[in-house]
Amino acid sequence: MIDIVIKNYFPNATSYNVKPFGNGHINDTYKVEFENPSSTYLLQRINTSVFKNPEIIIENHLRLQNEFSKNNHSLAIAQLMPDNNGKYLYIDNSGGAWRLTTFFKDSYSIEVVDENWQAYQSGVGYGWFVKESQFLNTSDFQEPIKDFHRLTFRLNQLDEAITNNIAGRLKSVEPIVRFFKNMEKSLVQIERLIDKGDLPLRIVHNDTKLNNILFRNNTVVAVIDLDTAGPGSIINDYGDALRTSANNAAEDEKKLEKVSFNLNAFRAFSTGYIQQVKTVLTEKEKIYLYRAPVFMTYIMGIRFLADYLNGDIYYKTAYSEHNLDRCKVQKKLIESMESHEDISKRIILECLKAN
Ligand code: ADP
Ligand code: GN1
Ligand code: MG
């Protein structure tokens, strides 16, 4: 199959090397390398159980591509490449949806920050993305997944998973379910602020985990994985980025004692991010940024939990307790973030005051 797909983009190609690539939880990703002349691309089969209308992803990506091409940048997003018929989305005979993009050579992504510059550079990357998107009209974009970061939507999904208990796993996770249920009221306020427009909708990335940043040597070179980019709150991006960039351990770490909020990484990320977006932020956004890490870590925690209860139907998992391990990490991280919230607020203020 993959050869037929490659032929669709490169009808004359004879010699190339194609191999699975990356650590994403959603799409199937391949690196395609040609010799003579040497060139490399990233080929992806879009997960259409997750993205029911992949055309939306392509339209949003092309809009971003067009906007970002207006200025010269030291940072980049991947460019969509047309197929042999000039189309950016290719549907194969079995209904698989494919896209091809440029590949950032000699770049790498990471799963955990172990040096502060990595957090700083990620902050620069994701802040740059929002800054460069500031003049885009949110109504020109469609949501690739409706209500993607809407807390009440995710809470309803969790409630449904609890009621149905399809995989028969509820009994074993009751204390964890209670932890998340006990917290929900304290977070719904953020959603109300978004609904009222107090926290504005803008074009944001919406999937700012650490491994969606590409580094070359010690510098950020690209912001990738634009599948969910579209209308959203800055709370989504800032919070979700810190969920992975300011965790001392991996998203699925089994040894929970390793999981804690990395305050130095938080400071470094916030410095880079706020440098970029300072002039773009509204006063209300500045006030509520501090709550974003807990808000987004909570949303991911209940999504992993719901998927565990549903029998692992959404995220790619490597073993049967994988989603539960991910959920436990989010819980531990929320506890650690909350105990650092006062100092986090002060750090954000310092970043906002800095020149
Ligand atoms: P998923 O949606 O499944 O997370 P991604 O688009 O994030 O898929 O790609 C998976 C991984 O592939 C990334 O974490 C990164 O390491 C690598 N990758 C993605 N796009 C590129 C690119 N344009 N150039 C180089 N590496 C890339
Ligand atoms: C998925 O595609 P990937 O692996 O970057 C998910 C994110 C979650 C993340 C958790 C479309 O991101 O929302 O935060 O896993 N993307 C989608 O690791 O659901
Ligand atoms: Mg990704």
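What is the space taken by ligand 1?

A: The space taken by ligand 1 is the largest pocket, a pocket being an open set of points on a 1 Å grid over the protein atoms alone, with protein on both sides within 12 Å along at least five of seven lines; a molecule sits in it if more than half of its atoms lie within 2 Å of its grid points. This is a predicted model, in which local features need pLDDT of at least 70 and side-chain atom pairs pLDDT 80 or more, while totals for chains, interfaces and linings use all residues. Residues are numbered from 1 along each chain, chains are lettered from A and ligands numbered from 1 in the order written, and side-chain values use heavy atoms without hydrogens or water.

The domain assignment, automatic or from a database, gives domain 1 (2-102) and domain 2 (116-353). Ligand 1 lies between domain 1 and domain 2, because both give residues to the shell around ligand 1. The centres of the two domains, taken over C-alpha atoms, are 26 Å apart.

The shell around ligand 1 holds 21 residues (heavy atoms within 4 Å), and Gln44, Thr102, Phe104, Ser109 and Asp225 come nearest. By type, 8 residues of the shell are nonpolar, 11 are polar and 2 are charged.

Several polar contacts (N or O atoms within 3.5 Å) can be traced. The side chain of Gln44 places a polar atom 3.0 Å from an oxygen atom of ligand 1, and a polar side-chain atom of Asp225 is 2.9 Å from an oxygen atom of ligand 1. Thr102 takes part through its backbone, where a polar atom lies 3.0 Å from a nitrogen atom of ligand 1. Of the 550 Å² that ligand 1 exposes when taken alone, the protein buries 95% (Shrake-Rupley method, 1.4 Å probe).

On its own, ligand 2 has 440 Å² of accessible area, and the protein covers 98% of it. Ligand 2 is surrounded by 18 residues, the closest being His25, Lys209, Glu251, Arg303 and Tyr314. The space taken by ligand 2 is again the largest pocket.

Conventions. Polar contact = N/O pair within 3.5 Å; in protein donor to acceptor, adjacent residues only side chain to side chain. 1 Å grid on protein atoms, 1.4 Å probe; cavity = no way out; pocket = protein on both sides within 12 Å on 5 of 7 lines; lining within 4 Å. Nonpolar A, V, L, I, M, F, W, Y, C, P; charged D, E, K, R; others polar.
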